[in-house]
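Please keep the structure open while reading.

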Amino acid sequence: MTPAGLQLDENGRLRHFLTIEGLSQALLTRILDTAESFVGVGERAVKKVPLLRGKTIVNLFFEASTRTRTTFELAAKRLSADLLTINVGSSATSKGESLLDTLRNLEAMNCDMFVVRHATSGATHFMARHVAPHVSVVNAGDGRHSHPTQAMLDMFTIRRFKGDFPRLRVAIVGDILHSRVARSQIHALTTLGVPEVRVVAPKTLLPAEVEGLGVHVHHDLAAGLRDVDVVIMLRLQHERMQSGLLPSEHEYFHCYGLTRERLRVASPDVIVMHPGPLNRGVEIDSEVADGTQSVILRQVTYGIAVRMAVMSMTLGSHASEGGGA
Amino acid sequence: MRFTVRGGRVIDPGNGVDRVTDLHLADGRVAAIGPAPEGFEADRVLEAAGRVVCPGLVDLRAYLREPGQEHKGTIASESRAAVAGGITTLCCPPDTDPVVDTPAVAELIHQRSAAAGMARVEVLGAMTKRLEGRRLAEMAALGEAGCVGISNAVRPVESTEVMRHAMEYAATFGLTVFLHAEDPWMGRDRHAHEGAVASRLGIAGIPETAETIALSRDLLLVEQTGVLAHFCHLSTARGVALVAEAQARGLPVTADVAAHHLHLTEIDTADFNPNCHLTPPLRAQRDLEGLRRGVADGVVNAIASDHQPHDADAKLNPFSDTEPGASGLETLLPLTLRLVDDGVLDLRTALAALTCHPAGILGIRAGTLMPEAPADICIYDPDVWWTLEAERMVSRGHNSPFLGWELKGRVTHTLCGGRIVFERDDA
């Protein structure tokens with residue numbers, strides 16, 4: 001079964017949330033609309049709704065994360081779910097416990113949802129295949145494959161600031177090769193009808209046959225940014241220099257770093273996004289990151305509402321069909 | 001025991017035989033095709049009307065997992081699976097644990113396979129000590145211990161100089177080298193073909209050039225050293241073209257392809273199916289077509305199972321964290337016959353790629369129905385359809401990418417050295 005097929009139930013509702021690929025525009029729009037209804041919750045004095053009261057959610061992080069983990073935690077709490085966060089790190093593997101055993105043990109504690117981050121592409125797909133029928137899996141990032149809630153919060157941010165997807169030009173700049181965020185963003189943008197999605201990177205940071213994902217490839221930053229409405233900068237990991245993909249951070253900033261000067265070729269009301277954490281002076285200049293065109297902190301705020309939407313829609317599909325089971 | 005196999009379609013591709021007739025076996029050897037020899041009286045008659053009778057299949061590469069990984073399979077369990085698939089000779093690579101870099105390990109494998117009494121097991125000796133790619137293994141001693149060739153299995157010989165000397169030394173003793181063409185720097189820690197599917201799935205890809213660069217290096221060294229060389233499991237169309245060019249220049253080079261590479265592509269990995277995690281990886285459609293053409297043209301001489309049985313746990317992980325390889329002994333024949341149905345090969349070429357050609361590459365007397373040849377026989381029903389089901393597989397490894405496939409052509413009897421080593425109950 002394809003990853004896309006695995007995540008929908010027989011009525012086409014979300015059973016797991018693993019990847020954007022294969023989901024319909026209608027479903028993505030419904031996630032955004034649902035998130036819209038949750039934005040107000042975080043602004044109230046009592047920041048809670050009782051939608052997932054009595055449900056148990058486990059945050060299972062095999063890889064370090066601060067932003068994603070905490071926003072998932074807040075989202076779960078604001079939905080009134082019981083929450084457990086486990087930072088598995090690499091310790092479980094060194095103890096010799098297999099991923100499936102970890103899963104089975106937690107399942108035995110009668111959890112309803114796993115929010116999973118794992119270093120291997122396809123790990124959440126694997127877990128979704130093997131969990132008990134009443135358990136949902138939400139992907140919080142698997143290897144280089146997919147990070148669908150990040151992509152949806154980015155779409156939410158774009159819709160809030162730019163409105164209509166079919167009128168936009170979007171550029172994603174940086175390490176596309178290693179980025180699960182970029183892959184999910186590309187699927188989300190093309191599904192929502194953005195007519196021109198560009199990727200801008202040196203050839204060493206682009207996956208093979210990337211055009212097959214429906215993007216235009218640019219190696220020159222100025223050409224890639226010309227007339228775009230949205231710029232998404234990606235984080236550059238230090239490991240890329242060690243593995244011989246780039247000579248230095250200095251040269252990367254020289255060629256691909258986003259500065260106010262370089263942003264001038266973009267549309268005058270361009271917005272600048274970044275999934276975080278930032279490498280100031282490597283992929284983005286502080287002047288831009290903190291400037292008026294930056295919506296980076298709004299992305300974080302909206303992340304909570306979007307994750308509330310995904311969690312409630314995913315668990316909701318069981319609640320309505322499973323009854324008291 | 002004397003057998004008459006009566007009324008089957010006897011196909012001996014190496015000798016140009018293809019007719020409905022009888023085959024007579026006596027004292028573990030082929031006695032005659034056609035009329036029985038003077039005074040021949042069969043102890044048992046095997047009725048083969050409607051069936052194909054051909055030499056027992058010769059499989060150039062099958063991991064039996066013994067010694068070292070008996071939880072995945074043993075010489076006894078896997079050679080039993082082999083004969084259920086019509087295979088009477090198989091050749092195992094040297095990366096056992098311990099590796100086959102001393103005659104003792106080769107002898108152990110020969111003894112265990114003789115004790116199992118199923119298929120014949122040939123052994124490749126290590127090219128370098130512990131397969132580390134640094135110092136030469138004692139190839140002469142391994143040859144004397146009965147190893148049919150020399151190989152570093154799927155481990156790299158990074159140093160071009162070590163590879164050159166290994167080839168020179170093997171050539172000194174007339175040993176064939178069996179080579180796995182994969183550039184170590186572009187193949188290490190990577191798990192799928194570098195292309196559209198791996199890019200989509202976010203799996204680090206092995207480029208086509210990982211194969212063609214290693215192949216080019218090794219072909220030039222073959223030319224320099226004059227060693228007999230066989231390239232294992234080609235996976236790319238351009239790799240086939242390089243071998244074809246070398247053969248055209250007169251180099252003593254042969255090649256095989258794994259049966260699964262003739263039927264599956266990168267698309268089959270699109271759902272992270274761990275049974276499609278293979279070495280070399282499943283590649284693009286154009287590669288599949290190039291490989292098929294290579295077999296049809298005779299550039300790729302043999303089709304192998306590349307049998308790699310695994311315990312269930314080895315495949316119970318996310319794709320890249322699983323161990324590569326597929327259990328292939330029981331699907332080798334039907335997957336090859338499928339190429340005949342698909343119009344890729346004629347039946348004689350298909351069976352040659354499973355019998356006389358691999359036997360020739362190994363330099364052994366097998367894969368033929370010549371009088372006095374060992375009575376290694378495969379009898380199969382070419383018209384029966386069956387479904388590959390994990391729980392009905394004979395191999396201890398149920399890790400086949402073809403589970404659930406409808407396959408045509410099924411072995412009914414296998415004889416090895418004139419003994420019935422497999423007989424299908426419901427046949």
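## Basis

Domain bounds here come from an automatic or database domain assignment. The model is predicted: local features need pLDDT of at least 70, side-chain atom pairs count only at pLDDT 80 or more, and totals for chains, interfaces and linings use all residues. Residues are numbered from 1 along each chain as its sequence is written, while chains are lettered from A and ligands numbered from 1 in the order in which they are written.

## Chain A

Domain 1 of chain A covers 3–146 + 301–322, and domain 2 covers 148–300. Their C-alpha centres lie 26 Å apart. The contact joins 27 residues of domain 1 of chain A to 24 residues of domain 2 of chain A (C-beta atoms, placed from the backbone, within 7 Å). On the domain 1 side, H14(A) gives the largest share, six residues (helices are DSSP runs of H or I, at least four residues; strands are runs of E, at least two; both are numbered from the N terminus). That side has 12 nonpolar, 10 polar and five charged residues (nonpolar: Ala, Val, Leu, Ile, Met, Phe, Trp, Tyr, Cys and Pro; charged: Asp, Glu, Lys and Arg; polar: the others, Gly among them).

Chain A averages a pLDDT of 91 (the predictor's confidence in each residue, from 0 to 100). Residues 319–325 of chain A stay under 50.

## Chain B

Domain 1 of chain B spans 2–53 + 374–423, and domain 2 spans 56–362. Their contact takes 28 residues from domain 1 of chain B and 42 from domain 2 of chain B. S17(B) supplies the largest share of the domain 1 side, six residues. By class, that side holds 16 nonpolar, eight polar and four charged residues.

Methods: Two residues are in contact if their C-beta atoms, placed from the backbone, lie within 7 Å.
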